[in-house]
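Biologist: I am new to this structure and would like to learn how its features are read. May we go through them one at a time?

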Amino acid sequence: MFLALVASVGHITPVDTGGYWQQRVDYQIVARLNEPAGVLSGSQRIRYVNQSPDTLQEFYLHLYLNAFRPGSRWADRDSVEGRRRFNDLQDPDYAFNHARNASINGVAVTGEYPYAPDSTIVRFPLPAPLFPGESLRVVLDWDARPSTVPRRQGRRARRFDFAQWYPRVVVYDRYGWQDHPLYPAGEFYGEFGTFDVVLDLPGDQVVGATGVPIEGDPGWDRAKADPDLEIDYQRDWYAPVGAGRGQMARASGTGCADLILGPGRKCVRFYAEDVHHFALSLNPDYVYEEGRFGGIVVRTLHLPEDRESWGEGRAVRRTIEALRWLDELFGPYPWPQLTNVHRIEGGGTEFPMMVMNGSAGLGIILHEVGHNYLMGILANNEWKEGFLDEGFSSFQATWYYEERLPDRDFYAGLERFLLDLDLDDWSEPVSMVSDEYRDFDTYRAMIYFKAQLFYRQLRYIVGHETMRAILREYYRRWKLKHVTESALLDVAEEVSGRDLKAFFAQWLHGTPLYDYAMGKVRRRELPDETWETTVEVKRIGDGWIPVEVGESGSGEREAIVHARTSGKAERETVTFRTSERPGRLMLDPRLETHDWNYLNNREGGLLPAGEAFRLDSYVREPSRRDGVVNSVAPAVWYNEAAGLTGALRWRTNYLGRFDRMTFWIVRGITGPEPTTESRDPRLWDLYFRLENPLRLRRPHTSQTLEAWILEGRAGTRLTWEREHRRSWASPNRRWRRFTGRWMVARNREFLDTALWSDGGTVEVSDAVGWDAPSGTTDWKVVFEYGAGVAYAARDVGATLDRRYDAEPFGRTTLDVTVRRQMGEGGTSVAARLFGGLYVAESPPLKQRAIPLSGADPYARFGNPLIRSRGAPFVRQEFFYHAPGNGNLRAYAPGLGGRWLSALNLEVEQAVLRRRAGVLRTAGIVLFADGAIADTLAAPTGGDGPATALLDVGVGARFTLRVGDFTFPLRLEFPLWVSHPQLAHNQRQGTDRFEFRWLMSLEPTF
Ligand SMILES: [Zn+2]
């Protein structure tokens, strides 16, 4: 592959961070842990230097632990988004951080809580203004307790993860005090300084922390996995002779010698410089391991049962590998050590010199250790510009894998996920204040995933080598400082020599769609036998990105790139010369951009370009980003009229969601000779369906067009459906579907006369539905109403028992389902209420009656296994239940009338759950179905206007997984029926109590 662009590293002028300033904070904390109460009580001295050009009147502290208690903004936001966690916690389970006895420069001050009842921010008026260059001293006492429900912080028995635990100074930057309450979406922001932390702890606790233990025993020697290990405590790291500010802070502070320890207690003193936060984790059972990357000591503290996952140096080696990669990418790690601990909660959280992880995979270690650079050292405001740490760290971690496994595409899945969000209008700008996102799921998708794509797109624009140069310069210039978007933009522009403002603006502050299309192509052979090609590139989307022009790769051949556009103009032409005549051209042949529609990226030609053909395996439906997938498969089935039936199915899709076409061509092979009056059932039949044509793309909307001449029926159907959700990840949805349909019976040889009359209908309907899972209860409601005309089919050739040629009708159904999980034992109960009504002067055509036992004939038509008389599941000895409508499963499929009202009840007990294999779940079920129906549906010979029917039985349920498909298998035994003469299965006899069975590959409801 050759690149026409010059991947030059721009000239770097040593511009520094001119005009930048940051405040300076030194903490001295002396704290005692009351383990039974879970409370750490401390006294804290803060020296604060105003290095800003502003005069300060106030002072702010974060009391983050107050987020994890009832009534906080965090707890309330959780509840609103359906995650009740902290609002229900009682004492002593919730967290707190109470501050008291505060004084500033010796003057007692009273805190104010500007976001009350949230108390994660406390504000103190200053006794006197603090002028630029001046410093002040804050002294206060506090109590801190983590919550028993962990979230970043937490406690469990003798384990404590102190993540955001002490009154932490709010950042004052050029935008003022960053006094932001803590929400579920969004993280932290802190001032750089020193931490001198003296802890009074139970003697057997093992401690991991930011900084180095300058005094006392952190418990590592007793906890070390290797008895021969000489632990490097680094006690003198910060104490060279004549050292700077750290030495002064230490000299003046309280040390272990000043504490009076109770029996069984010990003192440990940690010290750290140039960090903006201090984390702490305690567990008397921790196992200690140690390694080294250059001068940096790597410590891991894991649980005794972690030997296989963390132990024997595994977590140590992965942490070292992460440091090695980050050192190569950014620059040297500035701190003495890095501690990786196995915390209470799953997932992972980053702190300076420390990561708290729930597992020890390389992926999570790369991500969290990456945050020591992107957050710890390059310290962005995480709640304001979370993309500068989260997406960035995911990008660097993925880059690590890209370098090692160059043949794998690590972005295909991410691209597709984000394209779906973009195309459905779920995306919000990548750079937003975190708690202003629609919800936590959107925050996560944007800050982590779409932000990761932002860095990938930046690397694509500037090239890999320039990207590395940008990262190194960004680090050189901004390490141990607060970074912003403009800090990164300035460095990226300087190093690459490109104007990247539009790119940053579009990716970070908007949600445009990217779509380029191939225009005219002109090839010309020059006198020197080289070729000059001019390509017109049309920009269709709002987003701008440089687009490569080249030839797509295939098989072993890599994509070829001939030229690159700027991507800005609506029509742009590029000209390039090649020694050979270029082949068929394509835009973005390496699939590097976020272009959502590759169907217009190829030069025209006789054969469709970019289409993949495959033999359909039936159980998978693959899709591609760069073209349409065509899947072709033969099929065979049987029915009485056409005999053995051969068919060919052709399916297409683009991106799995657009241009989803299904085309069947069907022909009966062994059917009997046609009777004189009817059509030959062995003729070719056709079925066509197209879903979601690309041209009709609209967010949350889908369209379907169907048409058929198939097994004695002809018809067409159009649907338009729109869905409303609160968020992309929300299972709660409302939907509305309009349907127009024509269906007529043309050849009665295919028809089960119990289900079909010789007629047709033209009708329109409107359906609305709600899916509302809430906790352990799932609600589903579907209401449909419609009207149409029923008419006698003239070409069926059979006598029709009807008094009209055409008659209008109305038809409506209501279906309400509730399903509830009872406790943790795998028991669920479900109830379904159904009502249906057909209104017309004459009785309905059988296919439009309200069915008593299951799916109506129009729904059965969609399934070739039950479509026609004698189909594989419509046999004398075989009892298939297609669910729906009255759903009285024991009764014959052909029963239906003008109205019925039904109730279905089920109790199911799960007996097996598996995460792999074909059989995923198994359970047993008790069921009862009852209905009141008109006598047309249930002709019992009685003279009342209605009949009451009932069935009761037991069954076995399985969930099977084959390929991409998961489906149920039901084997059910309706042992007792109230009207045995109407039962589906009458082979065993006609008593009310008989051994009857049915099977189904569809859920009951
Ligand atoms: Zn992260």
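Biologist: Is histidine 371 buried or exposed, and why?

Modeller: This is a predicted model, and every value I give is computed from it. A residue counts as buried when its relative accessible area is under 20%. Histidine 371 has 0% relative accessibility, and therefore counts as buried. Histidine 367, at 11%, counts as buried because that value also falls under the 20% cut-off.

Biologist: Where do histidine 367 and histidine 371 lie?

Modeller: Both belong to helix α5, which covers residues 362–377. They are four residues apart, or about one turn of the helix.

Biologist: What does helix α4 pack against?

Modeller: For a helix, one may begin with its length and then turn to its buried side chains. Helix α4 runs over residues 314–329 and has 16 residues. From first C-alpha to last it reaches 23 Å, close to the 22 Å expected at 1.5 Å a residue. Its buried residues include Ala315, Val316, Trp325 and Leu329. The buried residues of α4 pack against the strands β18, β19 and β20, and against the helices α5, α6 and α9. Thus α5, the helix that holds histidine 367 and histidine 371, is one of the partners of α4. Just after α4, glycine 331 takes a positive phi of about 150°.

Biologist: Which residues form a nonpolar patch on the surface?

Modeller: The patch consists of Met822, Val829, Val907, Leu926 and Val954, with about 370 Å² of accessible area together. Valine 954 lies in strand β47, residues 946–962. Valine 954 counts as partly exposed, because its relative accessibility is 33%.

Biologist: How many helices and strands are there in the chain, and what does it span?

Modeller: The chain has twelve helices and 49 strands. Its C-alpha trace spans about 110 × 85 × 55 Å along its principal axes. Of its 1005 residues, 56% count as buried. The accessible surface comes to about 41400 Å², and 54% of this belongs to carbon and sulfur atoms. Among contacts between residues at least 6 apart in sequence, 67% join residues at least 24 apart.

Methods:
Residues numbered from 1 in each chain as written. Predicted model: local features only at pLDDT ≥ 70, side-chain atom pairs only at ≥ 80, totals over all residues. Heavy atoms only, no water. Patch = residues over 30% accessible without salt bridge, like charges linked within 9 Å, V, L, I, M, F, W, Y side chains within 5 Å. Areas by Shrake-Rupley, 256 points an atom, 1.4 Å probe, with all protein chains shown as cover. Salt bridge = Lys/Arg side-chain N within 4 Å of Asp/Glu carboxyl O. Helix = DSSP H or I, 4+ residues; strand = E, 2+ residues; numbered from the N terminus. Buried < 20%, exposed > 50% of the residue type's maximum accessible area, 1.4 Å probe, protein only. Contact = heavy atoms within 4.5 Å. Expected span 1.5 Å × (residues − 1).
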